[in-house]
Amino acid sequence: MKFELNTAISVLKNTPVVVKALLKDLPEEWISQNEGPETWSPFDVVGHLIHGEKTDWIVRTRLILEQGPEITFEPFDRFAQFKNSEGKNLQTLLTEFEVLRKKNLEILNSLKLADSDLNRKGMHPELGEVTLAQLLSAWVVHDLGHIVQISRVLAKQYVDEVGPWTEYLTILNDS
């Protein structure tokens, strides 16, 4: 499927709603569990999404539009949420994510991107030259991947409780 900005924006707009619906009012033990060493809890994932809103997608979009591939993107700290989320509760993070995403989509809409803009290029520090369409597509897929991750971590809280259904519940076998 070819990238389409309006569809991408629809998915991006829905992510905070979906994440909030999955996590709102869950007990701490559900939001703080992960899948084992070096994996993330739902709380960690929300913190990671917030960090992306602050330092990744729109920052890089602007860099592509204003500088092109002449300036390499700053490397993205995939683990910044551990420090940035300290002392915060999930409700605070969910609200912050919702506010930041709304603001970033307003910025994205204000750019009035033309189809030709989607072919403009930037320079990723690891991947090399990328287009704006690729960056925006990655934003959508990144969101969806973390929704799946949150769902999987939540599902695994009952891995021992589902008994013989484990073989039919593929989410319990994914990592």
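How many residues does α3 have, and how far does α3 reach from its first C-alpha to its last? Helix α3 has 14 residues and reaches 20 Å, close to the 20 Å expected at 1.5 Å a residue. That expected span is 1.5 Å times one less than the number of residues in the helix.

What you see is a predicted model, in which local features need pLDDT of at least 70 and side-chain atom pairs count only at pLDDT 80 or more, while totals for chains, interfaces and linings use all residues. Residues are numbered from 1 along each chain as its sequence is written, and side-chain values use heavy atoms, with hydrogens and water left out.

Let us begin with the overall plan. The protein has 7 helices and 2 strands, and along the sequence they follow the pattern α-α-α-α-α-α-β-β-α. Here helices (H or I, at least four residues) and strands (E, at least two) are DSSP runs, numbered from the N terminus. Along its principal axes, the C-alpha trace spans about 55 × 35 × 30 Å. Of the 175 residues, 41% count as buried. Buried means under 20% relative accessible area, exposed means over 50%, and partly exposed lies in between, with a 1.4 Å probe and protein chains only. Two residues are in contact when they have heavy atoms within 4.5 Å. Among the contacts with a separation of 6 or more, 72% join residues 24 or more positions apart.

Now walk along helix α1, which runs through residues 5–23. This helix has 19 residues and reaches 28 Å from its first C-alpha to its last, close to the 27 Å expected. Look for a kink of about 30° at T15, shortly before the proline P16. The bend at a residue is the angle between axes fitted to the seven residues ending there and the seven starting there. Both T15 and P16 are buried, and other buried residues of α1 include L5, A8, I9 and L12. The buried residues of α1 pack against α2, α3, α6 and α7.

Leaving aside neighbours within four places in sequence, L105 is in contact with I9, L12, K13 and W139. The C-alpha atoms of L105 and I58 are separated by 8.7 Å, although these residues are 47 residues apart along the chain. The other leucine, L144, lies in helix α7. L144 counts as partly exposed because its relative accessibility is 42%.

Q81 counts as buried because its relative accessible area is 2%. Not counting residues up to four places away in sequence, Q81 touches W40, D44, G47 and H48.

Most residues other than glycine have a negative phi. D25, in the loop between α1 and α2, has a positive phi near 70°. E38, in the loop between α2 and α3, has a positive phi of about 60° although it is not a glycine. D25 is exposed, with a relative accessible area of 71%, and E38 is exposed too, with 84%.

Our last stop is the largest pocket, which holds about 380 Å³ of space. Of the 18 residues that line it, D56, W57, R60, H124 and L127 are the closest to its centre. On a 1 Å grid over the protein atoms alone, a pocket is an open set of points where a 1.4 Å probe fits, with protein on both sides within 12 Å along at least five of seven lines; lining residues have an atom within 4 Å of a point. Helices α3, α4 and α7 each supply at least two lining residues, and the largest share, 4 residues, comes from α7.

Methods:
Points joined across faces, edges and corners; volume = space filled by probe spheres on them.
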